[in-house]
Amino acid sequence: MFTWLHKMGSPPVLYRFAERAAPWCKWAAFVLLAAGLVGGLVLSPPDYQQGDGFRIIYIHVPAAIMSLLVFGYMAVASATGLIWRLRMAHAVTAAAAPIGAAFTFLALVTGSLWGKPMWGTYWVWDARLTSELILLFIYLGYIAVVNAFPDQRTGDRAGAILALVGAVDIPIVHYSVQWWTTLHQGATLKLSGSSMATSMLWPLLTMMVAFLLYFCWLLSLRVRTEILHRERRATWVMRLAENGDS
Amino acid sequence: MLRELLRRELLIAWRRPGEAMTPVVFFLVTSMLFPLGLSPDASMLRPLAPGIIWVVAFLAGMLGLQRLFRADYEDGTLEQLLLSPRPLTLIILVKAMGHWLVTGLPVVIGGAVVAAMLFVPARYIVTVVIGLLLGTPVLTLLGTMVAALTVSLRQASVLGPVLILPLVTPVLIFGAHSTTLAMQGQSPVQAFEALAAMLILSASLLPAASAVALRISHEG
């Protein structure tokens, strides 16, 4: 495990790994996405209360889960980068941040589109909406910091500190906002069992895995660009650019 | 050495009172705008007062943050502090304390004045003060971390608030609501406990994070 991680610290090795992983993630993500969408939009019955409106959860819930998961991933990668001084860990974090921000934005937009017919308003200052919005601002802050420094390495490590502080802060934000007010429905999925019909549940779980793989695909693409940009002075990148292929 | 450092911080502020007083003056002036912009009516201002006080206190807290390390960075004092045998974490904690005494404490006192002017009943003003006493140091500590991170950046004054404000929202929530709860006849103790918990957490973790941040941004 650690030797594998250690090898991934080398830019060309990580580059080729991402190159090989990308198509697998892509096809798996699209197959599951198709299955989840058919299951969610066609096969599952309309909700007895919300009618067809509930179907937006097949995008909304996976996006919201990914928005948190990506931040957790960034925090772990940042810690790895700070502790073992792995430059590639920072490259991965920097590559993941815009994707996480996009998931957060998607969760907010789909939530707000759902809110209009269900709650009668696009936006309410509800606990989860608010904490998701704060999460978006934390993502944007991270991206701003990483790009603010003229020196890449300083920016990386400054961003890593921010990601770690943010990772400690996000649960606090989440619970304090929850204490503040709550209108959002409670969690449907629980470890002890869910309050959802199986025909509605399996497409949701499929979509979650699909989103995760979709993230892996985007990440592998972005990581490669990030590595090429960072290592643009390295001989292997120059050779790659000349020959068009490694 | 740490006591000397605190003395130095306070002395610098004392010698240049204009700079040190800016946040509290900003706090008072901005609070004055709300009655003008909303309504001078007591029944309207009273329920809004806790929120106004806390939001403006946060914005005032953003103002002096660049002072914290910038001058030391420019004249090389910071390098000496980094080289000092004392743990950098403690040095930063002392600097943060000095900064809070100079800029935070006046805002806490100003908060009592503003609360009275926004028609918060006299017996609840003490909850405003307790809340601010517990909450503003958290803001200073987070601000210290961000100031350490951005000390070498020219656009730090713009970037700082964007980074800090989302992270301190829990303090705002519990701070403003402690007074609101009290004014509604409920006990604010729970909110105070949450604020105290956040203060302890940030006082124990953030100076260490600031120390790492300072070393990183100083190297760059």
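Helix α4 (residues 87-119) of chain A has 33 residues and spans 46 Å from first C-alpha to last, close to the 48 Å expected at 1.5 Å a residue (the expected span being 1.5 Å times one less than the number of residues). Helices here are DSSP runs of H or I with at least four residues, numbered from the N terminus. Heads-up: this is a predicted model, where local features need pLDDT of at least 70 and side-chain atom pairs count only at pLDDT 80 or more, while totals for chains, interfaces and linings use all residues. Residues are numbered from 1 along each chain as its sequence is written, with chains lettered from A and ligands numbered from 1 in the order in which they are written.

**Bends and helix ends**

- α4(A) has a kink of about 25° at Ala97(A), shortly before the proline Pro98(A); the bend is the angle between axes fitted to the seven residues ending at a residue and the seven starting there.
- After α4(A) comes Gly120(A), with a positive phi near 85°.
- Over in chain B, helix α6 (residues 88-117) runs to 30 residues and reaches 42 Å between its first and last C-alpha, close to the expected 44 Å.
- α6(B) bends by about 40° at Leu101(B), and Phe119(B), which follows α6(B), has a positive phi near 65°.

**Helix pair in chain A**

- Helix α3 (residues 57-84) of chain A and α6(A) have axes that come within 8 Å and cross at roughly 135°; axes are lines fitted to C-alpha atoms over the stretch in contact, with angles from 0 to 180 degrees between N-to-C directions.
- α3(A) passes α6(A) in a left-handed crossing (near helix turned anticlockwise from the far one by less than a right angle; clockwise is right-handed).
- Among the α3(A) residues that meet α6(A) are Phe71(A), Met74(A) and Leu82(A), and the α6(A) side includes Arg157(A), Leu164(A) and Ile170(A); contact means C-beta atoms, placed from the backbone, within 7 Å.

**Helix pair in chain B**

- The axes of helix α7 (residues 125-149) and helix α8 (residues 156-167) of chain B come within 10 Å and cross at roughly 145°, and the crossing is right-handed.
- Leu142(B), Gly143(B), Val146(B) and Ala147(B) of α7(B) touch Gly160(B), Leu163(B), Ile164(B) and Leu167(B) of α8(B).

**Between the chains**

- Chain A and chain B each put 23 residues into their contact.
- On the chain A side, α5 (127-148) and α6 (152-180) are the elements giving two or more residues, and α6(A) has the largest share, 14 residues.

Terms used: Two residues are in contact if their C-beta atoms, placed from the backbone, lie within 7 Å.
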